[in-house]
Structure formats: C-alpha cells, structure tokens
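I opened this notebook to record what I looked up in one structure, entry by entry.

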Amino acid sequence: MKTVLITGCSSGFGLETARYFLARGWQVIATMRTPREDVLPPAEGLRVLALDVTDADSIRRAVAAAGPIDVLVNNAGIGLLGALEGIPMAQVREIFEANTFGTMAMTQAVLPQFRERRAGVVINVTSSVTLKALPLLAVYTASKAAVNAFTEVLALELAPFGIRARLVLPGRSPTTRFGENARSRMQGSIPEAYAELAGQVFAGWAQSTEEVTRAQDVAEAVWRAATEADGPMRLAAGADALALM
C-alpha cells in the first residue's frame, strides 16, 4: 500500500486531496500547522501530523515521524492580495517563506529517501495566476511562478534516480478559505492611489460568470500526477485553469 504525505490539510485543496487518496486505499499522512483530528473521518490508513513548512525543526520532526513515503504533495501556502507599493517587505518574505521556500525545504527533506529507493513523486501545487498576469497579485504570483521554475528544473535533476516532479495549477476557488485567509493580510496593502484599480478588479470578480475550480478538481489532478508515470509536467485543475492552459 502506497503512502502520500500532503501539506496544508486543514481545509481546501489539501483536505479534499487527503480524502481522495484515502478513498482509494492509500495510506495518508495529512499535515497541518495545528493538527485537528475532526477534519477527516477516522480511518485505518490516516495519520495527522503537525507541520509548519516555514520551520526547519518542524519539517525534520514531521518527516522523521512519517517514515517512508511514496509521494509528497506540497500544497501548503498562503495568499496575498494588494499593490506592491502597499505591501511591506516583511510580508513579501512571509509569502515566499510559506509558498516558495517551504516547498523547497519539504522537497529537500524527503529527497534522500526517494533517491535511495530510486522511486518517488514530488507534486507541487501552484496556481493558474502564473499563466496570466492579474493585477494586485504580483507578490503571490511571483512566489508561485518561482515554484513552477524550481519544479521543472528539479525534474531534470531527479529523472536519473527514477523520481518524478510534477506541477498542479488550480484556478480560482471561491468556495475554499484561501481568499478569506488572503484578505486577512490586506490591511494597508491597497494605497489610495490604487483604489480605483482595486475597485475595478473586485467588481470584475463579483460579476464574473466564468467557471471556477472546485477542491475536487485539484484532488483529481494531484491523483493523476501521482499515478500517471507518463503524465504531463503541468496539470491544470479546474475549468478556468484548463481554459488558461
């Protein structure tokens, strides 16, 4: 029975992905900063571990406790909406610590066991905003675009060891808590000079009739990335992401 370790499982894409793999008979290690046993139904193949991907000691403890895994899904991340001029550099670094460096650190932590077994899959969940430039998302987009480039180069390094690296690019998903969490970081991020632009952006989102991404779309794409040895490097997740791809 194969084992998958998924980061950021307290809600949204990570939670649905954990459910998806459990339903298909995998051993699932669901990680989150503050473990909650109630977010997933009790299952013999489920373990919930504490993990903060921005903390090296937390990563070391979680990887040690997890033991051998077959697939790593780097899903944990945070959002940020605002004009660059209004975002303090400390907040920029916070976004990159979680979205970019956290992904790199988790990958680095599991690679020795993958390399020794000459098998394993690294799946990095980024975003379809890297496919089309959108205003007020410069920092977030940069953090995810860096992971795209990182993953594509990593795949070349790992191929000689039989290890795969893949990308899953979700679209906009208003039903998850991602947007709510991003809004909590918006204080002061839109200076008055950018108010008109921001108003246009928000109005466009409110009036949009385009299809969006469901959490299950992401879970299905992650499953494909994990199980299809000859699958594409990039998998769009969601109707809107597929259209952009």
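My entries follow, beginning with the conventions.

**Conventions.** I am working from a predicted model, in which local features need pLDDT of at least 70 and side-chain atom pairs count only at pLDDT 80 or more, while totals for chains, interfaces and linings use all residues. I number residues from 1 along each chain as its sequence is written, and side-chain values use heavy atoms, with hydrogens and water left out.

**Trp26.** I found Trp26 in the loop between helix H1 (12-23) and strand E2 (27-32), where helices (H or I, at least four residues) and strands (E, at least two) are DSSP runs numbered from the N terminus. Its relative accessible area is 9%, so Trp26 is buried; buried means under 20%, exposed over 50% and partly exposed in between, with a 1.4 Å probe and protein chains only. Leaving aside neighbours within four places in sequence, I listed its contacts (heavy atoms within 4.5 Å), among them Met1, Val4, Phe21, Val71 and Trp223.

**Lys144.** Which side chain of opposite charge is nearest to Lys144? I found that it is Asp52, 14 Å away, and that Lys144 is buried yet has no salt bridge, a salt bridge being a side-chain nitrogen of Lys or Arg within 4 Å of a carboxyl oxygen of Asp or Glu; for charge, Lys and Arg count as positive and Asp and Glu as negative, with His and the chain ends not counted. Lys144 lies in helix H4 (residues 138-158), and beyond four places in sequence it is in contact with Asn99, Val125, Thr126, Ser127 and Thr130.

**Salt bridges.** My search of the whole structure gave six salt bridges. One of them joins Arg36 and Asp38, with the closest N and O atoms 3.0 Å apart; Arg36 is partly exposed at 36% relative accessibility, whereas Asp38 is exposed at 57%. I also recorded Arg60 with Asp57 at 3.7 Å, N to O, both in helix H2 (residues 56-66) and three residues apart, about one turn of the helix.
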